Amino acid sequence: MNNIYMVFFDLGLNKGGITSAVLNRSRYFYKNGYPADIVTFDYKYNSSKVVKELKKSGKMYSETKLFNMFDFFESRSLVTHSEKNQFLYDYYDHLLNESLCIVQDEKISRYFSKTTGEYLLYKKGNFETGNYVLDRFENNQRKERVYYRKNVLKRIKEYDYKNRLISERFFDELGFPFLRRNINRETGKVGKIYLLTDNKQFENSSELCSYFLSELIEDRSENIIICDGPGSFPKILAAGFTYVKKYAFIYTNHINVRNKEKNKETYILKNGDQLDGVIVLTESQKNDIIRDYNLNNVSAISNFIEIPDVVNKPNNDSKKIVGMVSRLVENKGFVYLIEVAKIVTSIYSNVSFNIYGEGEYRSRVEELIQENGLENNFKLMGYTNDPNKAISEFDCVVSTSQIEGQGLSIIEAMLQQKPVVVFNVRYGPSDFIKHEQNGILIENKDTEKMANDIIYLLENEETAKKMGKQAREDIIKQYRPEMIMQQWEKVLDLQ
């Protein structure tokens, strides 16, 4: 039987498109008889809780397993120990018990030497649950920060005389150290790593990650790795697999908005001949890659698309809403969306542009809103766990994105029978939007044309409804889950 390992850096509760795509794929693979699990490299003290919450919410399939690098080596450490490392706990307990405690409030306490008055410790957190940090000082300089979770010591950070982080130590549930990594005090980057469980030294994180993969996955042809995070690709290559089948999935455009190659994505393409296959989301990107990189093992497979019931729009005829669900990042073209909103609202003051999402570009978008006097008509709604509910409120969905891998949020809107008005950029929209039939494609950056088409759809509800209905029918036909599964079975040669 095939075992499929989908590799990317971290798994979180509020992660975006790639995480959702991987979780969906795992669900469909499992339901079709192919175990497909997730492999991550990040450190989380509560990774089991994250998995539990994802499964409880239905985002993660009940049978999907998570193999995390830190959890893997912690488990290996626990195999060699049967009793608690009392020495470690006694050391910090002694410091606390033999010091004079001054309580600031229910979350902060400070500790001083009873004999010299020297500042020794700083304790902050929820003391009842045992989730707190403990800072240890020498000569008024912080030397360590100790992390406790449910009164279990999990990690210790060490600092130099300038309060710069210089190392981290990680501990198993019994209090034994299983990994230590040095930190470059100037750059903050991880340096040499000492894996105490295996008596091994690594020059950097990438080497450790490669070793983890080689220990986790047996080198046989039935096993399959899908690299879902471009940063993980070099780690997979360096793991030294001979028989494991290796694929890389590229979710985004490999060319940036300035028409320059993206380093991580193009590194995959330039080394694609070392893989069993490279997978992208659209036929147009596949064809460009074959042409530009002379690769013959490229396939186009869409993400699995969830087909929800249509959510009825709340009855509010007094306010028209143009909406978008998107990360707040520069390449989503918010500067153009602001221009569109300014034109539309100058004609119809009762139109609101509602944007769901968060990101590092939020402050700049807020500045653009104020600079253009759109405070009453352009709203940043924040992150949503339920994009379908958000989309249900929209009369029209817009995308000014300057670069796409596919455009999943546009597809989700079309499944909700919403008319979409989208800049025609590489890659994605033109693969599933038929102009003026199931959506409207606009020449990139033509904000006036986009504004006029939005106004037209808001004024002509029957046309908008007809376009939205056609959109849902076309998307369901083009992205049926059983068809996508068949494509995967063919590309991976699943048995």
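Let's start at the hairpin of strand 12 and strand 13, with 4 residues between the strands. Asn199 there takes a positive phi near 55°. Helices (H or I, at least four residues) and strands (E, at least two) are DSSP runs, numbered from the N terminus.

A word on the source. This is a predicted model, where local features need pLDDT of at least 70, side-chain atom pairs count only at pLDDT 80 or more, and totals for chains, interfaces and linings use all residues. Residues are numbered from 1 along each chain as its sequence is written, and side-chain values use heavy atoms, with hydrogens and water left out.

Back to the strands. Strand 13 covers residues 200–202 and runs antiparallel to strand 12, joined by 3 bridges. Pairing here takes at least two DSSP bridges between two strands. Leu195 has Lys200 in strand 13 as its bridge partner.

Now the other neighbor. Strand 11 (residues 177–183) pairs with strand 12 (residues 190–195), antiparallel, over 4 bridges. Arg180 bridges to Tyr194 in strand 12. That hairpin has 6 residues between the strands, and Gly188 takes a positive phi near 80°.

On to the helices. Which residues of helix 3 meet helix 5? They are Met69, Phe72, Phe73 and Arg76. Across from them, helix 5 brings Leu208, Cys209, Tyr211, Phe212, Glu215 and Leu216. Contact means heavy atoms within 4.5 Å. The residues of this contact divide into 8 nonpolar, no polar and 2 charged. Nonpolar means Ala, Val, Leu, Ile, Met, Phe, Trp, Tyr, Cys and Pro; charged means Asp, Glu, Lys and Arg; the others, Gly among them, are polar.
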